[in-house]
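Have the sequence and the coordinates open, and try each task before you read its solution.

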Amino acid sequence: MSEHVLALDQGTTSTRAIVFDADGGIVSVAQREHKQIFPRAGWVEHDPIEIWTNTQWVIAAALDDAGLGPRDFAGMGITNQRETAIVWDRRTGRPVANALVWQDTRTQPLIDRLAADGGADRFATTTGLPLATYFSASKIAWILENVPGARADAEAGHLLFGTPETWVIWNLTGDTRSGIHVTDVTNASRTLLMDLSTLEWSDELLAVFGIPRSMMPEIVSSSGVVGEVREPPAARGIPIAGILGDQQAATFGQAAFDPGQSKNTYGTGNFLLVNTGKEIVRSQHGLVTTVAYRCGDEPASYALEGSIAVTGSLVQWLRDNLGIISSASEVERLASSVEDSGGAYFVPAFSGLFAPYWRPDARGALVGLTRYVNKAHIARAAIEAAAFQSRDVIDAIVADTGLELTELRVDGGGSRDDVMMQFQSDILGIPVVRPAIIETTALGAAYAAGLATGVWPDRESLRGHWREGRRWEPAMPTEEADRRVRLWRKAVTKSLDWVDEDVTALS
């Protein structure tokens, strides 16, 4: 039997293909970045055609580098940036507009109108989510109302919607000829359109947002064969057998299968998930309820999630907008050249604040500046912001679940930053543990596909693959950690109530 699994990780800034062996080890990797498009303040877009082109390239490159062909693979798992909305014409295969990225805030006026009748939690009982620009529904509605001809074509049944995994799968399986239009339960749970209890699209919510049901993909399990690859030729015939949103995939890759188990991913943003098992837990402290995974026909497992919009992308901002660093990898060196942030605190509310605050009126703030502060202090404040925001989310999780975390499992690119991980441990007062393989998002997608195709017999067999890579223990006195958290939360208050009609008009 073929014992390799191909994972496709379509992320916010790049697309990667990783070949894994039956021990969960990495055989080869190929990666390509795609352009970040910012037409206006608060607008964030991607080119779906560029994403599909990059997908074909990384798959072919990863297979070539591994020296493997389609017959060497039991299956392919796909993971993706969630909430990003793509609408395309089923007749031509062409997108009607650029993808509206999860960070995009242009739909705030629609969200405000809907929240005026019932508040931000108007649909939370059904969806587990607050009304926010973060999720897909308002983005689809914006495209239908603002792209010429889109509404009429949608009503005629010509347009399809999908988050990036849906778009990629449709193209992988033959686009206009034989493309399969599916999403999995984890991605569907991030749209503001799925009923968490039934795992089906809600007709009520589709009507509220004015979205024809014909646009919506079929909802399938996270682990199970849905079709075979037709393009690119290098991968033709590989079964597509796993689909997970990126944060759920990272949770799966960390083998956090049971209630109470958690992980924190440091990527473009930070995302902390705690598994709640078969129980749908409603947050009272600013978290969202989401589907963790569903394998085959078994009941879904759920999770509480704290979503943080800007962490790793703040480092990119330092590089691309300010020129403080020339590469993202420099930030750790620069930050480690000073002992602390010099009293500076950076609240990166570029798209408002997500969990646990949910304040769309917030904007980025750099406070506590004196003439003593230099670029190294700003770099340190930037990486500390990720740790402070994670502390806020963990405090909310403890308040919701009553469970004290004894350690924090971490992954993602930011977990390579030793300065950040030590500070995270200090500010939490618990150990931070990084696995030997930190590419847990892709690994989780591979696990889901391998379970469906027999590479691994069950989830218990996957637990044995997890290995500790490095551990950080708290070294900062509790009183000092508490003082810094207090000042951080004071800094957060300075970022609030910034957006009003005058600011919006100038954006």
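## Exercise 1: Placing Val185

Val185 sits in helix H8 (residues 185-188); helices here are DSSP runs of H or I with at least four residues, strands are runs of E with at least two, and both are numbered from the N terminus. The model is predicted, so local features need pLDDT of at least 70, side-chain atom pairs count only at pLDDT 80 or more, and totals for chains, interfaces and linings use all residues. Residues are numbered from 1 along each chain as its sequence is written, and side-chain values use heavy atoms, with hydrogens and water left out.

Task: decide whether Val185 is buried or exposed, and list what Val185 touches.

Solution. 
- Step 1. Take the cut-offs: buried means under 20% relative accessible area, exposed means over 50%, and partly exposed lies in between (1.4 Å probe, protein chains only).
- Step 2. With a relative accessible area of 1%, Val185 is buried.
- Step 3. Contact means heavy atoms within 4.5 Å. Not counting residues up to four places away in sequence, Val185 touches Met194, Leu199, Ile219, Val220, Ser222, Val291 and Arg294.
- Step 4. For a distance check, take Gln36: its C-alpha is 27 Å from that of Val185, and 149 residues separate the two in sequence.

## Exercise 2: Placing Ala97

Task: find where Ala97 lies and describe its surroundings.

Solution. 
- Step 1. The loop between strand S6 (86-89) and strand S7 (99-100) holds Ala97.
- Step 2. The relative accessible area of Ala97 is 24%, so this residue is partly exposed.
- Step 3. Setting aside neighbours within four places in sequence, Ala97 is in contact with Pro48, Val87 and Val147.
- Step 4. His46 is 51 residues from Ala97 along the chain, and their C-alpha atoms are separated by 9.5 Å.

## Exercise 3: Packing of H1 and H6

Task: describe how H1 packs on H6, and say how H6 sits in the structure.

Solution. 
- Step 1. Two packed helices are described by the angle between their axes and the distance between the axes. Each axis is a line fitted to C-alpha atoms, for helices over the stretch in contact, and angles run from 0 to 180 degrees between N-to-C directions.
- Step 2. Helix H1 (residues 48-66) and helix H6 (residues 164-172) have axes 10 Å apart, at an angle of about 60 degrees.
- Step 3. That makes H1 oblique to H6, given that angles under 35 degrees count as roughly parallel, over 145 as roughly antiparallel, 65 to 115 as roughly perpendicular and the rest as oblique.
- Step 4. On the H1 side, Pro48, Ile49, Ile51, Trp52, Thr55 and Ile59 take part, and they meet Trp167, Val168, Asn171 and Leu172 of H6.
- Step 5. Sorted by class, this contact of H1 with H6 has eight nonpolar, two polar and no charged residues. The classes are nonpolar (Ala, Val, Leu, Ile, Met, Phe, Trp, Tyr, Cys and Pro), charged (Asp, Glu, Lys and Arg) and polar (the others, Gly among them).
- Step 6. H6 is largely enclosed by the rest of the structure, because nine of its nine residues are buried.
- Step 7. Just after H6 comes Gly174, with a positive phi of about 120 degrees.

## Exercise 4: Packing of H13 and H17

Task: which residues make the contact between H13 and H17, and how are the two helices oriented?

Solution. 
- Step 1. The axes of H13 and helix H17 (residues 478-495) cross at roughly 95 degrees and come within 11 Å.
- Step 2. The two helices are therefore roughly perpendicular to each other.
- Step 3. H13 brings Glu384, Ala385, Phe388, Gln389, Arg391, Asp392 and Asp395 to the contact, and H17 brings Asp482, Arg484, Val485, Trp488 and Arg489.
- Step 4. The contact of H13 with H17 divides into four nonpolar, one polar and seven charged residues.
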